[in-house]
Amino acid sequence: MKKLRKASTSSRISGRAPSHSENTGPLETGPRFAVAIMAAGKGTRLKSQLPKVLHEVGGKPLLAHAITAAARVVPARDVYAIVGHEAERVRSALEHTGVQFVLQAEQRGTGQALMVAQEALGGYDHVIVLSGDAPLITAETIGRLRNFHLEERAAMTLLSADLEIPTGYGRIVRKNPRSSEVQAIVEEKSANAEQRKIREINSGFYVFAVKPLYANIGKLSTANPHGEFYLTDMAAVLRRAKQRVVAWKTANASEVLGAELAHIDQQMRLSKCRQLMEEGVTIFYPSTCVIDADVQVAPDTVIEPFVQLLGNTRIGTACRVRSYSVIRDSEIGDGVTIRPGCVMEEARVAAGAMIGPYSHLRTGSEIGEGAHVGNFVETKKIRLGKGSKANHLTYLGDAEIGAGVNIGAGTITCNYDGVNKHKTVIEDEVFIGSDSTLVAPVRVGKGAYVGAASCITEDVPAEALAIGRSRQIVKEGWAREKAAARKK
Ligand code: UD1
């Protein structure tokens, strides 16, 4: 199993809730805050080519989760992702979030990450520092950390937690047990036996006042077992400069703890199901469903076991999504039934439609109100009008199909000539007989009929009947004569 950050098997919090104001959202007035998200590391522990921060949990890259939380505390333009390993790949995956990117070309430690961001962050009053590999952090916790930092008038505030097994984490050395003031953060590798017994750990989330940070960051050194600039050493550096360094112990250690990626993914998906159920959606056997963080489902919709709802999918009210359907980036109207085993990507289904079982709605499929798409029907870039039906074994691609149309079983739009794609137009109230092939570009006019097993290569006028097949030949007595010949 892939492991993210340092994992701890259990945790216990001795919550010493500080007094703080309850507004954890953006501050309307007052000092200017930026958020810097450290995301330049390679993540060797994952043994993967993919940059650590692009590994997905809950259907989104790790870094996207940190960005979502950060952008609830400050506007996205004030969020700076510090990228390095595979920087371009990370940037292009997350550009759409509207955050800014700072390049840390060589990764020489968390302290150096903030050194390279000096130009970007120099104009702010305070900077909140997060880790791109910590997706469980919430906007509320970040907001509380910020509020505590302001109330304490600190130069550096760090988020800590008590763990029963603190191995691997930096330890907090407090000035005295009851003080919020911190003497130093000691990394596991540099800690002596006494310090290793400390159970209060550094989560890797901080708030710095920008002026003292950059006035003193040059004092960091690489004289440590990793030969890196540790951001954690800023605690001792700022103390020596007579600045105030404090810690706020979170009451929710699970937000800062490391865990296996699969475990985090499972937690996120279960909490997504819980959120939807609280909002009035029924989900049977939620532990079998995979629902991405940004999916929206309206109340009174029922989701059966083993359903995947992915990406930006939106589902209306009073729908039923039956088992084994996988729906990505699609929009489903109200009262739609999706029978078992359907696959949809970038499709739109209007109210009251009936899909499946086993339908494949590919990109650009627009299924009209009350329309039916049935067994083993594949659609791509089509409009199927109100109340139209394509119930069995059909391929409809690059087609404009009107209202009240019946597409017989086994119909195929031949949209591809080996080089180009062409369009089929089927107007309202048309009846296409079973096993027909419509060779595009072709148009079937309003109310026309196409006889079963026709190959239609020319336009069919409105209200006409087109038959494009060879005439049936009947040879009377043929079988009898053949049988008699065999007996001889
Ligand atoms: C860090 C803390 C440790 C804390 C732990 C919590 C330091 C020195 N130690 O250790 O006290 O208990 O987090 O998980 O900070 N990164 C960069 N550029 C770099 C190096 C790292 O952007 O040059 C990023 C990484 O991509 C990662 C984050 O910073 O997202 C943390 O770095 P990592 O090396 O994993 O720190 P830890 O060893 O976990």
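This tour moves through a predicted model, one selection at a time.

**Stop 1: the cores**

Select I355 and I367. They belong to the largest nonpolar core, a set of 48 residues, and touch the most other members. Next, show a second, separate core of 43 residues, which includes A139, L145, F148 and V256.

Go back to I367. What is it in contact with, leaving aside neighbours within four places in sequence? The partners are R348, V349, A350, A353, I355, L361, V373, I382 and L384.

**Stop 2: helix 9**

Select helix 9 from end to end. Its 18 residues should span 26 Å at 1.5 Å a residue, and its end C-alpha atoms are 26 Å apart, which agrees. Colour the buried positions: L261, I264, M268, R269, K272, C273 and L276. Just after the helix, click on G280, where phi is positive at about 105 degrees.

**Stop 3: a surface patch**

Move to F284, in the loop between strand 14 (282-283) and strand 15 (290-291). F284 is partly exposed, because its relative accessibility is 37%. With F284 they form a nonpolar patch on the surface, with about 460 Å² of accessible area together.

**Stop 4: C319**

Select C319, in the loop between strand 19 (314-315) and strand 20 (320-321). Is C319 buried or exposed? It counts as buried, at 3% relative accessibility. Beyond residues up to four places away in sequence, C319 touches D300, T301, V302, I332, G333, D334, G335 and V336.

**Stop 5: salt bridges**

The structure holds 23 salt bridges. Start with K60 and D294, whose closest N and O atoms are 3.6 Å apart. K60 lies in strand 4 and D294 in the loop between strand 15 and strand 16, so the pair ties together parts 234 residues apart in sequence. K60 is buried, at 14% relative accessible area, while D294 is partly exposed, at 37%.

Then select E304 and R320, a salt bridge of 2.9 Å, N to O. E304 is buried at 8% relative accessibility; R320 is partly exposed at 33%.

Next come R443 and E427, which meet at 2.6 Å, N to O. R443 sits in strand 36, and E427 in the loop between strand 33 (424-426) and strand 34 (431-432).

Finish with E152, K175, E181, R239 and R244, linked in a network of salt bridges.

Methods: Residues numbered from 1 in each chain as written. Predicted model: local features only at pLDDT ≥ 70, side-chain atom pairs only at ≥ 80, totals over all residues. Heavy atoms only, no water. Patch = residues over 30% accessible without salt bridge, like charges linked within 9 Å, V, L, I, M, F, W, Y side chains within 5 Å. Areas by Shrake-Rupley, 256 points an atom, 1.4 Å probe, with all protein chains shown as cover. Salt bridge = Lys/Arg side-chain N within 4 Å of Asp/Glu carboxyl O. Helix = DSSP H or I, 4+ residues; strand = E, 2+ residues; numbered from the N terminus. Buried < 20%, exposed > 50% of the residue type's maximum accessible area, 1.4 Å probe, protein only. Core = buried A, V, L, I, M, F, W, Y, C linked by side-chain atoms within 4.5 Å. Contact = heavy atoms within 4.5 Å. Expected span 1.5 Å × (residues − 1).
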